[in-house]
Amino acid sequence: MQSFELIAEPREDVGKGASRRLRHAGRVPGILYGSDKDVSMVSFDHDDLIQRLEYEAFFSHILTIKLGSASENVVLKDLQRHPYKHRIVHVDFQRINEKEELTMRVPLHFLNEESCPGVKTGGGVISHIMTDIEIACLPKDLPEYIEVDMGAMDVGDAIHLGELKMPAGVEILSLRHGGDAELPVVNVHLPHVEVEEEEEEGAEELAAAEAGEEEGEKSKESEEEDKED
């Protein structure tokens, strides 16, 4: 498993003006909270943070934040991006307690997609209805991702939420609270064919063309009759 360490600096000034000045200086305002400790107002180097965000694992790993001589284990809980610039405007980290359960969203990794019978020999296509799920577990059991093996799937098959194989100590949060285990996660189906629509459009165009030709012939005949008269 990858490990990530971030260097944080304390910040005293708060508010929009202070945050704006930090961003202009190339830093991202953020907070550390949780684990029965006071909220810490901190900031991070923007370029360093945005490089870490290129890794999928950063979003579902236990991270280490160094603040002065102290280190804290945290998870990323919220990230605010600029609406159109490639910039991070704020970040929240939650401290973890090894004895307290945490909830996290972790990605789904789909295995054997191209080699499953439904795609390889059945001509089917895959629809990913879910790409991540929310789980609950102790920090020591936190998985980087959940594997979804599609190796046996044929056309018409689906894998449902309740069929996912979870690592030891990990639960799907919605199912714990009585959620629907039959919700589809991924399925294999035949591609939608629009031949009938194309044929109908072609028939309509042909009919219109024939009607135009017939009208043209009638008009021509009428003109010839007028000349004869």
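This is a predicted model: local features need pLDDT of at least 70, side-chain atom pairs count only at pLDDT 80 or more; totals for chains, interfaces and linings use all residues.
**Entry 1: the whole chain.** I began with burial: of the 229 residues in the protein, 31% are buried. I then looked up the surface, and the accessible area of the protein comes to about 14,500 Å². Carbon and sulfur atoms hold 47% of that surface.

**Entry 2: elements and contacts.** I went through the secondary structure next and found five helices and 13 strands in the protein. How much of the contact list is between residues 24 or more positions apart? I took the contacts with a separation of 6 or more, and such residues account for 68% of them.

**Entry 3: aromatic rings.** I searched the whole structure for aromatic pairs and got four. I picked out phenylalanine 44 and phenylalanine 93, whose ring centres are 5.4 Å apart. Why do I call this pair edge-to-face? The planes of the two rings stand at 65°, and anything over 60 degrees counts as edge-to-face.

Where does each partner sit? I traced phenylalanine 44 to strand β3 (residues 37-45) and phenylalanine 93 to strand β6 (residues 88-95). The pair therefore ties together parts that are 49 residues apart in sequence.

**Entry 4: buried or exposed?** I checked both rings' residues. Phenylalanine 44 has 1% relative accessibility, so I put it down as buried, the cut-off being under 20%. Phenylalanine 93 comes out at 0% relative accessible area, so this residue is buried too.

**Entry 5: a cluster.** Which residues form one aromatic cluster? I wrote down Phe4, Tyr55, Phe58 and Phe59.

Key
Residues are numbered from 1 along each chain as its sequence is written. Side-chain values use heavy atoms; hydrogens and water are left out. Rings of Phe, Tyr and Trp (its six-membered ring) pair if their centres lie within 6.5 Å; planes under 30 degrees apart count as stacked, over 60 as edge-to-face and the rest as tilted. Helices (H or I, at least four residues) and strands (E, at least two) are DSSP runs, numbered from the N terminus. Buried means under 20% relative accessible area, exposed over 50%, partly exposed in between (1.4 Å probe, protein chains only). Contact means heavy atoms within 4.5 Å. Accessible areas come from the Shrake-Rupley method with a 1.4 Å probe; for residues, only the protein chains shown count as cover.
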